[in-house]
Amino acid sequence: MNAYIVGGYRSAIGKAPRGSFRFTRPDDISASVIKHLLNDFPQIETKKIDDVVVGNAFPEAESGFNMGRLISLMSMDNIEVPGSTVNRYCASGLETIAIASAKITAGLADIIIAGGAETMSMINMGGWRMVPNPDVAKEHPKWFLSMGLTSEMVSKEYGITRKEQDEFAVNSVNKALAAIDTGVFKEEIVPFTIKENYYDNGKLQTREKVFDTDEGPRKGTTVEGLARLKPAFAADGLSTAGNSSQMSDGAAFVLVVSEKILKQYSLTPIARLLDYQVAGVEPYKMGIGPVAAIPKVLNHSGLNLSDIDLIELNEAFASQSIAVINELGINPEIVNVNGGAIALGHPLGATGAKLSVQILNELKRTSGKYGMVTMCIGTGQGAAGIFEMI
Amino acid sequence: MIRRIKKVAVLGSGVMGSGIACHFANIGTEVLLIDIVPNELSDKEKSQGLSLSDKQVKNRIVNDSLSAALKSKPSPIYKQEFAKRITTGNFDDDLHKIEDYDWIIEVVIERLDIKKVIFEKVDQLRKHGSLVTTNTSGISVESMIEGRSDNFKKNFCGTHFFNPPRYLQLFEIIPTSSTKDDVITFLEKYSSLFLGKTPVIAKDTPAFIANRIGTFSIMELFNNVQNFGLTIPEIDKLTGPVIGRAKSATFRTADIVGLDTLVHVANNIKETTNDEANELFTIPDYLKIMLDKKWLGSKTKQGFFKKVVEDGKKKFLSIDFNTLEYVEAPRPKFSVFEKTKTIDNLRERMPILLADKGRAGDFYRASFYALFQFASNRIPEISNDIYKVDDAMNAGFGWKLGPFQAWDSVGVDTTVKAMEEVGKKPASWVYEMLELGISSFYKVENGLLYCYNISTKSYEVIPGYDGRISLEVLRQDNILWENNDLTIFNLGDGIINAEFHTKMNTIGAGILEGLNKAVDMAEADFKALVISNEGDHFSAGANVGMIYMLAIEQEWEELDLAVQWFQKTMMRMRYSAIPVIAAPHGMALGGGCELCMHSDKVIAHAETYMGLVEFGVGLIPGGGGTKEFAVRLSDELGNGDIRTNAFLNRYLSIGQAKVSTSAYEAFDLGYMRKGIDEVVVSRAYHLAYAKKVALQLSEKGYTQPPSRNDIKILGKEVMGMVYVGADGFTTGNYMSEHDKLIAEKLGLVMAGGDISQALTEVSEQYLLNLERKAFMELCTTRLTLERIQSLITKGKILRN
């Protein structure tokens with residue numbers, strides 16, 4: 001492949017539905033990240049950009065109206081750059097990078113902005129109007145099983161205990177807190193000035209604040225504390241609010257260019273997406289999606305698991321993360337070194353791009369060569385992409 | 001000028017203060033609740049870097065009390081959002097605000113010196129003419145006005161709420177020598193009509209009326225209990241519902257109240273009174289030992305009872321008075337209960353219980369004779385009027401029969417002789433009354449309730465019934481028709497009332513017959529029909545026993561006809577030539593709820609617990625309730641609404657068998673209609689108001705509504721969600737496979753069947769047929785029948 005990632009940024013991740021971004025729209029967050037990204041490339045005339053591809057898991061309401069196109073209009077002072085919205089649920093933000101890379105490799109494009117945006121404060125899991133096909137739902141209700149219940153299925157089938165899950169969660173939180181404390185994410189986060197109008201004392205008032213730090217991780221999270229939480233999804237379940245990913249708001253984007261553009265503008269490549277594969281699994285245990293996707297991508301790329309320096313495995317649930325690690329014999333030391341979604345949040349359609357931005361920076365810091373971003377996907381899929389540092 | 005109460009200040013936020021504040025918020029009053037400022041910072045406040053001058057700290061005590069009250073169960077507030085009507089504050093910063101409050105209620109610690117300091121401040125700050133009252137339960141009210149201004153004294157008295165203020169009816173009004181008459185008259189009317197309480201004017205004597213008599217009754221028992229050789233569970237059995245008292249009876253109630261509290265009240269009475277029963281207020285030795293051991297009841301997890309878990313099974317142990325150890329007493333059994341089992345009327349049960357020759361009879365005679373003697377000796381000490389003592393015990397202690405009502409039920413004349421024989425001679429005025437040829441304390445004549453007055457030595461009409469209607473009083477002369485289950489009353493002015501009187505007022509064939517009869521009669525000769533009763537509950541639902549019998553015998557055709565009859569009767573409530581008003585109180589469940597939903601208007605008492613709970617017995621509402629939910633959903637839908645979500649809200653009310661904890665909540669759950677149905681707080685004026693509304697609807701011109709063919713259903717659009725949701729709840733072990741089946745059927749009926757086009761307009765009858773079909777299908781399942789059987793035989797909801 002000869003498509004190169006030359007830059008990438010993300011917003012800080014807000015907690016949904018009551019965090020910093022609770023009233024901030026996904027298109028606004030996205031435009032701010034893209035503007036910041038393009039600032040690094042003053043030499044590129046924005047009209048030359050071929051497309052803006054935006055991942056989103058619930059493209060309706062605030063994320064509706066083909067948000068991708070609106071983001072392109074809002075981010076650049078021209079009307080020529082088109083935009084699209086892509087949905088592969090939790091892999092959407094990685095899918096868009098794959099689409100960009102594939103188009104460029106195929107010679108269909110030279111410059112694409114790819115990433116994802118999600119504001120779960122505004123649009124719930126499942127969206128506003130749930131209308132499954134009644135005939136299919138009757139025949140195969142488990143295809144529509146809620147994510148929390150798929151986690152319980154994984155716990156049961158793979159024998160993951162509550163204690164293991166809570167320990168995994170605490171570990172994730174501790175890693176994330178350490179990363180924030182040492183400023184690991186500082187460079188990749190685009191500060192966003194949040195403006196809110198509100199009502200107080202009979203008057204309309206305004207307030208402003210700069211949001212630039214992930215707000216998910218909770219200080220003082222302990223295994224004993226988490227053990228006290230009630231099951232969130234099943235009467236006798238093991239998944240809780242403490243060992244499941246958080247609902248979040250945020251966006252992340254990367255700039256992907258062709259070799260031609262690289263040379264034309266003398267750009268420094270960071271990495272390329274070496275391979276990307278998606279695989280299907282039983283919808284009722286969608287959490288083990290990576291167990292199918294990871295071997296598929298390794299096989300296709302000719303690499304071994306041992307070649308991979310770092311893995312960002314999206315922590316939809318501690319249950320499925322542990323099951324994936326155990327099933328594939330992954331070295332836990334290289335997984336989510338700066339914490340995962342249980343601590344930092346999971347803005348569905350933005351997650352793939354967010355984890356990509358994070359892993360490229362971490363590979364740079366640790367001089368690694370290969371990094372993998374992988375996640376489970378609702379309705380029984382897994383995705384895995386391998387980045388190769390240049 | 002008419003006194004209006006818009007703003008009420010409650011000083012002191014303890015259990016009573018917070019509860020009183022919540023109840024005023026319940027009725028829509030603006031409330032200021034204040035308490036003292038804490039002396040020192042809590043650890044949490046220290047860690048937050050707060051100081052004693054921060055508002056948050058200064059209001060901590062009051063805010064903590066109020067939030068604890070709002071979380072307590074049963075809830076002190078009709079609806080959580082009503083709590084927004086309460087503003088909190090502290091004595092240092094906010095007491096001055098009382099200057100524009102209409103009523104200031106003092107509920108601080110029971111210490112005269114502290115109360116007097118507060119009243120001195122209140123006297124300076126309050127506006128001229130505002131009410132000031134104390135909620136004291138033990139201190140002389142007269143002693144509180146010393147040194148106060150004239151205007152303060154005129155507008156001051158005791159107003160004694162009982163705990164919990166929302167639920168207990170009694171409101172003792174204790175005037176001082178200076179209280180203006182119009183203040184008393186106002187409080188009587190206001191507490192009844194606005195607060196829904198039973199006002200009883202009491203003299204300023206120790207513990208006033210209810211606590212004096214109630215504590216006597218408990219202490220008399222505590223002191224004599226060892227004479228009878230009865231176990232604690234036996235006494236609770238004897239002093240519970242069988243004699244018209246709470247299920248928690250004597251010892252369980254004592255555990256709930258707390259033995260320390262009881263002892264405190266008893267000591268106070270012993271010190272401040274000097275009557276023939278004074279010795280009985282002495283704390284018996286075993287009780288002292290229990291206090292020392294901190295066996296205080298629920299608050300210390302053990303009192304007279306103690307719950308233990310052995311081999312995973314819960315057991316209730318109770319104290320053995322001889323050994324003072326917790327033992328598992330055998331199940332109480334008394335032969336006299338075999339005789340009284342079938343007698344629903346308490347007044348008919350009483351003489352049989354007191355005449356019993358066994359241990360139960362011995363116990364009853366001893367304790368009731370003591371009670372009769374004590375109560376008669378307290379007239380006129382604590383009250384000039386006999387009925388006030390009964391009112392106080394009815395409303396404050398939940399005794400269905402106060403001492404004089406109970407005495408009437410067993411015959412005054414004969415009892416007096418028996419009392420003499422055991423040395424429990426009643427007061428001399430009782431003899432005086434009997435000598436005048438008057439043999440009962442109460443009588444009903446020409447629709448009026450009379451009570452014997454000891455000073456005029458004759459019957460006098462009990463005042464305060466103006467503008468109220470009581471079926472009990474009307475029973476003698478105003479019955480138009482009746483069968484075993486239902487009585488039709490003439491309420492006058494062209495309005496008739498259908499009264500249920502089955503067990504728990506469940507709806508069976510007799511009631512269906514009666515309801516049809518009532519509509520027929522009203523259409524023929526009257527203006528409107530009210531459906532109300534004076535039982536504990538409006539109706540616990542359809543009589544499932546009948547359904548069970550027919551299903552077990554596989555009489556499907558007959559069962560189908562019975563369900564049809566139920567549906568038709570409900571539709572007759574909706575479609576008749578006269579307005580039908582349902583006036584529920586207490587439980588209005590299942591069929592009782594369906595009946596309300598088919599009336600023209602519901603006038604619900606605030607304490608109405610309404611719900612479609614058929615899921616619990618493995619069914620869906622089959623008397624038009626499911627249909628009615630589909631109809632209401634259709635009427636609520638606006639253009640562009642997210643229909644699936646609107647459907648889901650209604651679906652879950654039935655699917656989760658949600659029951660309102662007040663009438664106000666019934667609006668949110670979809671059982672009552674905003675803008676149509678109404679809530680009244682006063683049970684005393686409930687029926688009178690329902691009658692007025694019925695008359696109004698009739699007099700503004702009532703036309704029978706045409707049957708409906710315009711119900712917009714959602715069909716297939718929502719069925720996917722129903723299947724997915726039902727499966728999810730089952731997978732998550734929140735419900736069983738059988739629940740899933742019921743949930744799917746419920747969805748299909750509410751969706752109007754799996755019709756392709758959403759918003760297709762269908763008829764009510766089409767929906768009723770779908771509903772009945774689903775109901776019948778469920779009746780053929782073994783698991784549903786097991787659920788019904790469990791309710792009938794064990795009174796328990798089976799989850800299978």
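Predicted model: local features only at pLDDT ≥ 70, side-chain atom pairs only at ≥ 80, totals over all residues.
Two strands pair if DSSP finds at least two bridges between them. The model scores ipTM 0.92 and pTM 0.92. Chain B averages a pLDDT of 95, and 100% of its residues score at least 70.

**Stop 1: the sheet.** Select residues 448–453 of chain B, strand β13. Four bridges join β13 to β14(B), and the two run antiparallel. At B:Asn453, look across to β14(B): the residue standing opposite is B:Ser458.

**Stop 2: helix α15.** Select residues 346–355 of chain B. Buried here are B:Arg349, B:Met350, B:Leu353 and B:Leu354. Why do they lie on the same side of α15(B)? They cover an arc of only 125° around the axis, which puts them there together. An α-helix has 3.6 residues a turn, so residues three or four places apart point the same way. To see what covers these buried residues, show α14 (336–340), α16 (359–377) and α18 (403–410) of chain B, which are among the covering elements.

**Stop 3: the contact with chain A.** Display both chains: 16 residues of chain B are in contact with 20 residues of chain A. Then select helix α30 (residues 716–731) of chain B, which supplies ten residues, the largest share of the side of chain B that touches chain A. Coloured by class, that side of chain B shows six nonpolar, six polar and four charged residues.

Definitions and conventions. Residues numbered from 1 in each chain as written. Chains lettered and ligands numbered in written order. Buried ≥ 20, exposed ≤ 12 C-beta atoms within 10 Å, placed from the backbone. Arc of directions from axis to C-beta. Contact = placed C-beta atoms within 7 Å. Nonpolar A, V, L, I, M, F, W, Y, C, P; charged D, E, K, R; others polar. pLDDT = per-residue confidence, 0-100.
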